[in-house]
Amino acid sequence: MPHSAAKRQIFRVGAIAQGKRPAAKTPREEETDMTQYDARNISMMMDLYEMTMAHGYFKEDKVGDFATFDVFYRRNPDGGGFAIFAGLEQVLEYLENLHFDEHDIEYLRSLRIYDEDFLRWLSGYRFHGDVIAMPEGSIMYPDEPIMTVNAPLIDAQLVETAILTQINHQSLVATKTQRIVRAAQGRSVADFGARRAHNIDAAVYGARAAYIGGADSTATVLAGQMFGIPVSGTMAHSWVMYHDDEYTAFRRFAELYPDNAVLLVDTYNVLDSGVPNAIRTANEVLIPIGKRLKGIRIDSGDLAYLSKEARRMLDEAGLTDCKIVASNSLDEFTIRSILDQGGCIDSFGVGERLITAKSDPVFGAVYKLVAVHEGQACRPTIKISETFEKITNPGRKQLWRVYDSDGWAIADLITKEDESPDFIGAYAFVDPQKPWKRHVFSNHTIRGLRELVMKNGKRLRPAPQLKDIRSFVKRQLDTEVWPEEQRFENPHHHYLDMSPAYYKMKMALLKEAQQQG
């Protein structure tokens, strides 16, 4: 589905949307008209301190001052070797449509915190910043700038929470899904998570992220409609329970959907009734009309044992082409265990542990000031901490990926903004974890990882197709990311190195900050 069509659907159904609210209605009209919900303006999606800081900068006459903020994260979920960057398109859509309507201004006025001149200024506000980012779907690593906002100070301050909400959620789900897809070893994975998601938006955009991460389909119809994701589903236990007996339920379902009959066989007893009744349905309903039973689904019990026994029964009945679908609280660990035990499963429906990333549900991306613009000059800033991991990488910068002669990515490299690394010969760099050692890249190539995606509040190119983002993830994992980095346990550490000039600048700022303290 084209991006513009998806955007209209977002507005219509009320999933994360922009737009003006309709005129005020009577209480009776409010009860019967849901457009008040449909027209949410998510420009107000911020922490209060962001508006308070913006008001402070306004009162200090800092409206024209510029600043640079980086988005980065500090660790990979589940102890993994990498993460997947997702949510960029929703960030750009948010920034392009950022505004404050009369209802927003009235609410802010009711807080009795902000001056009228500031509220008048907000009523005509639009975002006027630039955004530099990795392409969505990029493989990324801790502590590197995945997105940079260069903007008027107030603009940069106001957008922090909305940016982090989108990136943290979708990057987390995309990364978790990729782990599940790898565990499935080429078998199909479907997102079944909507009913366990934290709300409607989390279900819909979680399905989008899951598709980026490698899921083949979603059970969430709205996500399919909005983003063009293939939709899939089978039947409900209630269908089986509603009918007089299991066979009648299966027969009626097969008569209604002869080309897509996947029967849920665990309502009563998988092996004693479910599979035998599925075989009977295939023989008495489908085969006589030239159709085949597409599959059975098992949603409870010992999935490894039950799938092996079900496979044996189906094969003995001549239904060797009938697929076995498994669901029920699955994740990468349970899927790997089932397959290690010889489970005969062709596809997995994964719900709550995918959509909530249950094993490690916080991604932890942050948004930090790294530079202040003073006229034509740009002053780098650094946040220091007693915790080493919380010391930021200061200044405006470039990010490169370093490849060996076989095309495998061996490290990422941070340089100053005005540096152009020369890799024709040997290139000396600094490992910030071991700065005392001399390191050199030889016979390597580099690629810039980020690009300008928004200028003065306007995106520079149309949104890519979701299927292309998904393919981009797969291509990187197949051809660039070492298999050792893709291990579930003790993955290889991907190095984030620095140019000597950049490292020198960072150390000078740390020394200066120490002297000020």
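**Figure 1. Burial and overall make-up of the protein chain.** Of the 517 residues of the protein chain in this predicted model, 53% count as buried, that is, under 20% relative accessible area with a 1.4 Å probe and protein chains only. The secondary structure comes to 19 helices and 21 strands, taken as DSSP runs (helices H or I, at least four residues; strands E, at least two) numbered from the N terminus. Along the principal axes, the C-alpha atoms fill a box of roughly 80 × 70 × 40 Å. Among contacts (heavy atoms within 4.5 Å) between residues at least 6 apart in sequence, 73% join residues at least 24 apart. The model is predicted, so local features need pLDDT of at least 70 and side-chain atom pairs count only at pLDDT 80 or more, while totals for chains, interfaces and linings use all residues. Residues are numbered from 1 along each chain as its sequence is written, and side-chain values use heavy atoms, with hydrogens and water left out.

**Figure 2. Packing of helix α14 against helix α15.** The axes of α14 (residues 270-286) and α15 (residues 303-316) come within 11 Å and cross at roughly 40°; axes are lines fitted to C-alpha atoms over the stretch in contact, and angles run from 0 to 180 degrees between N-to-C directions. From α14, Val270, Leu271, Val275, Pro276 and Ile279 meet Tyr305, Leu306, Glu309, Ala310, Met313 and Leu314 of α15. By class, this contact has 10 nonpolar residues, no polar ones and 1 charged, where Ala, Val, Leu, Ile, Met, Phe, Trp, Tyr, Cys and Pro count as nonpolar, Asp, Glu, Lys and Arg as charged, and the others, Gly among them, as polar.

Figure 3. The buried residues of α15 are Leu303, Ala304, Leu306, Ser307, Ala310, Arg311, Met313 and Leu314. Their cover includes α14, β9 (295-298), β10 (323-326) and α16 (332-340). Just after α15, Gly318 takes a positive phi of about 85°.

**Figure 4. The buried side of helix α7.** In α7 (residues 116-123), the buried residues are Phe118, Leu119 and Leu122. These residues lie on the same side of α7 because they cover an arc of only 100° around the axis, the arc being that of the directions from the helix axis to the C-beta atoms. Elements covering them include α4 (48-59) and α6 (102-110).

Figure 5. His439 lies in strand β17 (residues 439-441) and counts as buried because its relative accessibility is 19%. Leaving aside neighbours within four places in sequence, His439 is in contact with Tyr427, Ala428, Phe429, Asp431 and Lys434.

Definitions and conventions: Buried means under 20% relative accessible area, exposed over 50%, partly exposed in between (1.4 Å probe, protein chains only).
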